[in-house]
Amino acid sequence: MNKTREFRVLEFDKIREKLAAYSVTPLGAALCLGLKPESDFDQVNHALNETQEAVTLTEYTNGNPIRTFENVSDELQLARKGAMLSPRSLLNIAGCMAAARAARVMLQKDDVRTPILTSLASLITVNQALEQEITGAILGDEEIADRASAELAQIRKKMRIVSDRVRDKLNGIIRGSGYAKFLQESIITVRNGRYCVPVKAEFRGSVPGLVHDQSSTGATLFIEPMSVVELGNDLKQLQAQEQKEITRILQALTDQVGAYADELTSNIDILAKLDFAFAKAMLARNMDAVQPEINANGFISIIRGRHPLLDPQTVVPCNIYIGKGFTTLVITGPNTGGKTVTLKTVGLLTLMMQSGLHVPAETGTELAVFDHVYADIGDEQSIEQSLSTFSGHMKNIVEILDQVRGNDLALFDELGAGTDPTEGAALAQTILMFMLDRSIRTLATTHYSELKVFAMSTEGAENASVEFDIETLRPTFRLSIGIPGKSNAFEISHKLGLDAELIENARELLSKNDVRFEDVIANAEYHRGVAEKERAIAETARQETVRLRDEAEKLRDRIEDKRSENIRRARDDAKRILENAKKEAEVVLADLKKMRKNASAPDAEAIALRKRLNDGIDKLSEELTRETVSTHQAPMTVRVGEHVEIVHLKTRGTVLSLPNSKGEVEVQAGILKVKAHISQLRVLETKQKKQSAVNARTGALTRNVPLELDIRGHAVDEALPEIDRYLDEAILAGMHEVNIIHGKGTGVLRRGVQQHLKTHMNVKTYRLGAYGEGEDGVTVVTLK
């Protein structure tokens, strides 16, 4: 189905634009903008189910879960041909691989409820080894990591050594020799890749060396002293070796990508389809849309349908049905009453459904899958073609009548308008009869009374009307099927102040049949309005009754669940305490036996002690069985050494261990060690002792703190708290020097970090990274 004019007049193009706005990838957006309705029932059903699966997943992700990535199709084509890719291109490819891997992992978690999307994601090929190799070797657009290869690491190590020797010699020249008076400034600079010092032009012969550059004024010459020329040559050779090794690394990575290019291309196509599916889901959620039931029988039943492009806060939902009992619906009513919007709503919701989109309506809505949707809506007058309004409409209608078939939907706005009313009504009636004879689902709006009579007297046709409030002179936009619309011309004229005598004279000009027909319509509308109000009152009462019943049931269920949970916990606690008490009793008895052997204590005393312990255990068991659940506020967690009360035992103790996976805490209560659930504890307020703070600080020293903190991609206000936390942990771990990786970029993040470090209490000094340390992309921090 590809009807460009129908897409335009029904505003389907705008729906596609809204859909594309929810995609996160350019390829997904292209699929959204190219969306077209299908006429195959199975394809439509599959597309709707796909959208429903995506809606189910977005309820958990609260957004489109597909990661954004660059379209790397061109880069993959180059890789196939053996061309070397740039670091940025390789990073983009790694990003695409990461997005594909994440999508596959996410969709394999819920394969029961999302079989379509899971099946699609299962076609994704994952190559995490290559992905990690790329991200491990490339740090940025023009930055290759030392760990990219052992050879590169060795070359850079030599470069750092040579660079340091050059700097040491140049520092000696600047500070410790007689050259200082010949220098413009006591600094070391780099010109054309060579280390130089700025020499005043007039002292050129006083500083032997090679001139590599001069200032714009010619007052300063940048000279590489002879004493470092040889080292500079060595450094230049190492730099050439470094570049050669980087080229080899990039080519090796490119070759691996080229071998994997077909799988990556397939992954990109799958990700685009997944992005498209989740865009459909996000549009459905935004419109509060539902998956409609569908049929191939031409039956339409829209329940509280809303035009998706109108303001959801003000749009009036409409109920409309056609296809059972009648195939032609004639809609009448005043101008601006909502007749055209009703036509567009039916047509647009049908196109959306056949495109696999959910529709803004209530559950139970049912739509038919048509072969084509035809629409003659709006003023199609063309000045260039010298066509009148009537001619423009008739040209469209002629085309529709030539093409329309039984399983099509046709929409006519103001059928027969723009010409003589008598002839226009006759033409409109003939066209509707043509559609009716072929059982073509047809909706038409009109002002002609003849068409109202036609719909009332013809089998297979039905009237509908949009309401108009005479008191306020405003349309209500509500649609009523089964009753034709009343013109209300006389009533509106009276409200607007037209003389009553003129209105009465106009009434006398109407035929008796016309008056009787209008009276029948008015009486039907009155009784329908009364029935609507009574039904609304009954529905409100029913909904309130259902709401109160549901709330009562939920409250009862919550109380019962809470009661059962409390009883279960109390019994579990009692069982654990009894077991611990018995074990402790056995230990005491064993000790007493030893004492008896040593002190020759009589057996009667041991027997009496055992009986006393058993009696105590039995009493404890009875108390635990009778114990009701406390309403105390249970702590979220506890600390070792904290004083607590075991509520159901009414005893106090000291925490010996943190809660385990079951929430159990070991507590020392007198001579007994007992286990109690954290929900049965109440923390006792005590003064914090200094020693606990010392112990907490000492315990922190054992944590593993990395040597570097990577904050690339963070905003300054996001990065600073991370830096503070990292520096605090580094101090506690006894570290003296750490690296903060902020990247080069625009320099905003680097300046923000260094400005913050200036005033940090734990920072002694900081500097930019040296060659091989990351240079301007890294700040090296020395801690106090």
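Guide: A disulfide here is a pair of cysteine sulfur atoms within 2.5 Å. By this rule the count is 0. Two cysteines can still be placed. Cysteine 196 has a relative accessible area of 0%, so this residue is buried (under 20%; exposed means over 50%, partly exposed in between, with a 1.4 Å probe and protein chains only). Cysteine 318 is buried too, at 7% relative accessibility.

Some ground rules come next. The model is predicted: local features need pLDDT of at least 70, side-chain atom pairs count only at pLDDT 80 or more, and totals for chains, interfaces and linings use all residues. Residues are numbered from 1 along each chain as its sequence is written, and side-chain values use heavy atoms, leaving out hydrogens and water.

Now the whole chain. The protein chain has 784 residues, and 42% of them are buried.

On to the packing. Two packed helices are described by the angle between their axes and the distance between those axes. Axes are lines fitted to C-alpha atoms, for helices over the stretch in contact, and angles between N-to-C directions run from 0 to 180 degrees.

Start with α13 and α14. Helix α13 covers residues 389-403, and helix α14 covers residues 421-437. Their angle is about 15°, and their axes lie 12 Å apart. That makes the two roughly parallel (under 35 degrees; over 145 is roughly antiparallel, 65 to 115 roughly perpendicular, the rest oblique). The crossing is left-handed: the near helix is turned anticlockwise from the far one by less than a right angle, while clockwise would be right-handed. From α13 come Phe390, Met394, Ile397 and Leu401. They meet Leu427, Ile431, Phe434 and Met435 of α14.

The loop between β13 (408-412) and α14 contains glutamate 414. Glutamate 414 is not a glycine, yet has a positive phi of about 55°. Its relative accessible area is 22%, so glutamate 414 is partly exposed.

Now the second pair. Helix α5 (residues 73-80) packs on helix α11 (residues 261-286) at about 165°, with the axes 10 Å apart. The two are therefore roughly antiparallel. This crossing is left-handed. Ser73, Leu76 and Arg80 of α5 touch Ala261, Asp262, Leu264, Thr265 and Ile268 of α11. Here the contact divides into 4 nonpolar, 2 polar and 2 charged residues.

A loop runs between α11 and β7 (293-295), and aspartate 288 lies in it. Aspartate 288 is not a glycine, but its phi is positive, at about 55°. At 57% relative accessibility, aspartate 288 counts as exposed.

One last stop: leucine 33, in helix α3 (residues 26-33). Leucine 33 is partly exposed, at 46% relative accessibility. Leaving aside neighbours within four places in sequence, leucine 33 contacts Arg16, Glu17 and Ala20. Its C-alpha is 7.9 Å from that of aspartate 13, 20 residues apart along the chain.

Technical notes. Helices (H or I, at least four residues) and strands (E, at least two) are DSSP runs, numbered from the N terminus. Contact means heavy atoms within 4.5 Å. Ala, Val, Leu, Ile, Met, Phe, Trp, Tyr, Cys and Pro count as nonpolar, Asp, Glu, Lys and Arg as charged, and the others, Gly among them, as polar.
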